[in-house]
Amino acid sequence: MEYNFSAIEKKWQEEWIKCQTYKVNEDQSKPKFYVLDMFPYPSGAGLHVGHPLGYIASDIVARYKRLQGYNVLHPMGYDAYGLPAEQYAIQTGQHPAITTAKNIERYREQLDKIGFSFDWNREVRTCDPAYYKWTQWAFIQMFKSYYNTGLDQARPIEELIGLFESQGNSNIPAHGSEEVPEFSAAQWKSFDAVKQQEILMHYRIAYLGDSMVNWCPALGTVLANDEVSEGLSLRGGYPVEQKLMRQWCLRISAYAERLLQGLDKIDWTDSLKETQRNWIGRSEGAEMAFKVKDSSLTIPIFTTRADTIFGVTFMVLAPESDLVESLTKPEYKAEVDTYLQKVKKRTERERIADRRVSGVFTGSYAINPLSGTEIPVWVSDYVLAGYGTGAIMAVPGHDSRDYAFARHFNLPIIPLIEGCDISEESFDAKEGIMMNSGFLNGLGVPEAIEKTKAYLSENKLGRIKVNYRLRDAIFSRQRYWGEPFPVYYKDGLPQMLDEASLPLELPEVDNFLPTEKGEPPLGHAKNWKTPEGYPLELNTMPGFAGSSAYYLRYMDPHNEQALVSGAANTYWRQVDLYVGGTEHATGHLVYSRFWNKFLYDLGVVCEDEPFKKLVNQGMIQGRSNFVYRIKDSHTFVSNNLKDKYEYTAIHVDVNIVSNDILDLERFRSWSPEYKDAEFILEDGKYICGWAVEKMSKSMYNVVNPDQIVEKYGADTLRLYEMFLGPLEQSKPWDTNGIDGVHRFLKKIWNLCASGDGFSFSDAAPDKQELKSLHKLIKKLNWDIEHFSFNTAVSAFMICVNELSAKKCDKRGIIKPLIILLAPFAPHFGEEIWQALGEQGSVCDAVWPELNEDYLVEDQITYAVSFNGKTRFMLDIPAEAGREEVQQLALAHENSQKWLEGKTPKKIIVVPGKIVNIVL
């Protein structure tokens, strides 16, 4: 009986749907395990073979845990808002909802073919009003909250108002904008409602604020840093500039320390944790002010190395700093303005990465508060407005970027450490004895740091401060296809909609572009106002809004009264295993951790961290193929003959190539350009060249999983993707090896199949068969827990080869083998499970228990050597001692041949490995 994978897989996919095999409910009698994949954006291109890699890995773990007795939550949904659908709508007029629904249908069809154990009853779509109702609800709670630094948690804004009424804002435990002037309780009470609301906006967790953003005029929207490269939008390649705009923001900076400390509680890779630590960027130092010469202005700076103040030879302002305009002298204005226009086109991320030196002098000088020296004030884009104060004191002797700047513009460089060499580069001044530093001379660096801090505090020249690189999240987008804000404006001030009126649904518009007045696309909506006539917010929320709490909604997706009920959250608690790509390390993973901590403060969730363990899967790269056209001809020469000719390499569709051999007729019909192609072959075949590149339509190396499923089956695809290499590493897709994996499944099939049906022996397994099985159990237990799926597949192959050699069809071996295989090849597992006469789904079997007794060796195979050369192998009882091993080796008939009657000079026994007889 042949292994008809197409019929088997179709049969079991239908059966799973009919029996709701993967539907899950809270079950207090079982331990829970929550496995989650980062949900996909449903693009028009559908899935390629790289996309399911992480899904297959998580599915194996989900099925494995279920077999171990866990109640497993393994949901899937769609991150359905996104710029591509909106751009397609602008180009074609087709509503993004239609495009998105069509794309989701295609994704679902592809996912179902691969046999995932997703509970589709819990599916969420971020564009569904029933879903984004809770995103809007969370935003309202953030608007109604402030961050109490004393309690270290979000609290109702009414409590802050109470503090203002009783004591003003001096020394209150509240995280807020630093530009808020001090006021007394009496002054607060004297402010009108508008003034009070403006002040509260400086403390709310969701607030309107002025921020520098990546503005793309052509797209009419703000873009995130990862949507911009080299001053151009990734979508469309349009120019992007830095622009100060009034935007909705989330005060994520209030949670910086908790986000940092929380990393110690979770099981993530060290590299990912370090990425987040660097993004949060905690630094402890001093904040001080430099007076501007001949002016009442001061330049505030933050430095982690106040002890280097005597080495300051210039100051640098960020191009966005308000001080640039104030400090630029008239004779330097034209040059400064030109520079500002130039740097507007670069994102902060690009400015950090680019080490090229640029800058311009303002004409102003500052006064060093300790030495009294005059210091020139420059502007450069290597200083960022959002970090510290947007100005720095430059110490070129001991900072590499300051050093490069000073060298470029011929500014002084002062060494501060005895014996340091700054002739070619700056000196890392973390240790050594201070010099050229006034009252710090002769001190070691650590002592100098502490003495400077104390001096600044005692003389009221500065204050000790902890600073964070983490910025508040810009939360507005000037797009149509996104969550509407639950906000209306009354007398110019933002007000929140009543929660009972949620969701505020996205309205229909007849134009997806900005309005003629430059308003966002929602400006085209008719009657976009409250029943009372107040205008609604025209911006929409960003892409990360819908993905920041979706893992919670999966716990209780049909609850109309709450994001998640207390009972459901207390049962599922947090995600036990989260699988996704590294590209989300500083975006989604920071925002969702913040969102979860805010909800924790509100008492909505019971865990402070959302994702207990996180595993990043690597990328599957494309394996491109090439044909070689001889110049000025329609003739293509095979790879190994091409060097005899002048040729052009051309990408060819990998789907018309098999094992690097080109299908000539399919190539001729692939494009009209090649219909008359001629070929110079080698051994009757056209051999293509190849290279590993990013999987991309432009390189014709995209492999659709549907084609693999059709040719080999979903179970082969699942096993092969795991077999390609370590999960976390990037690796090329190479169809050349898939036949071996398919043959492996056929080999197991042949152990079970007999004639037109299945046949299993009820004979008791022998020791070798049990040993093969339990070696596999032991290996899989370790490999699955450590996500080493490629070695797990190898272990399966070794085991099945051993069983095939013995033609083992024994029920006592096949049954546990199929349970072990089921997480990897679920359709195959179900079919053989049914053939064994078992009831129900193999999903509900029990994972086989390891018995170490079967792994104890009865015999050990020794290599018997004469004068260091192995002559034969000898099986010896495992319990044999050294002398017995010697005697058995010497007594063997093969030894007599090599001894030739001689008496050995020495016999060396390496226990369990070698017997070496020296003659």
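In the hairpin of β11 and β12, Asp294 takes a positive phi near 55 degrees, and five residues lie between the two strands. This is a predicted model. The structure also holds 66 aromatic pairs. One of them is edge-to-face and joins Phe139 to Trp248.

**The hairpin**
- Strand β11 covers residues 282-292, and strand β12 covers residues 298-303.
- The two strands pair in the antiparallel sense, over six bridges.
- Ala289 has Pro300 of β12 as its bridge partner.

**Nonpolar cores**
- The largest nonpolar core has 179 residues.
- Phe139, Trp248, Leu250, Phe475, Phe789, Phe824 and Phe828 touch the most other members of that core.
- Leaving out residues up to four places away in sequence, Phe139 touches Ala206, Trp248, Leu250, Phe475, Phe485, Pro486, Val487, Met496 and Met541.

**The Phe139–Trp248 pair**
- The ring centres of Phe139 and Trp248 are 5.2 Å apart, with 85 degrees between the planes.
- Phe139 sits in helix α5 (residues 129-143) and Trp248 in strand β10 (residues 241-250).
- The pair links distant parts of the chain, 109 residues apart.
- Phe139 counts as buried because its relative accessible area is 0%.
- Trp248 is buried too, also with a relative accessible area of 0%.
- Ring pairs link Phe139, Phe143, Trp248, Phe475, Phe485, Phe544, Tyr591 and Trp595 into a cluster.

**Charges over rings**
- Arg63 lies over the face of Trp16, 5.4 Å from the ring centre.
- Lys65 places its charged end over the ring of Phe33, at 4.9 Å from the centre.

Key. Residues are numbered from 1 along each chain as its sequence is written. This is a predicted model: local features need pLDDT of at least 70, side-chain atom pairs count only at pLDDT 80 or more; totals for chains, interfaces and linings use all residues. Side-chain values use heavy atoms; hydrogens and water are left out. Two strands pair if DSSP finds at least two bridges between them. Helices (H or I, at least four residues) and strands (E, at least two) are DSSP runs, numbered from the N terminus. A nonpolar core is a set of buried Ala, Val, Leu, Ile, Met, Phe, Trp, Tyr and Cys residues joined through side-chain atoms within 4.5 Å. Buried means under 20% relative accessible area, exposed over 50%, partly exposed in between (1.4 Å probe, protein chains only). Contact means heavy atoms within 4.5 Å. Rings of Phe, Tyr and Trp (its six-membered ring) pair if their centres lie within 6.5 Å; planes under 30 degrees apart count as stacked, over 60 as edge-to-face and the rest as tilted. A charge sits over a ring if NZ of Lys or CZ of Arg is within 6 Å of the ring centre and within 35 degrees of the ring normal.
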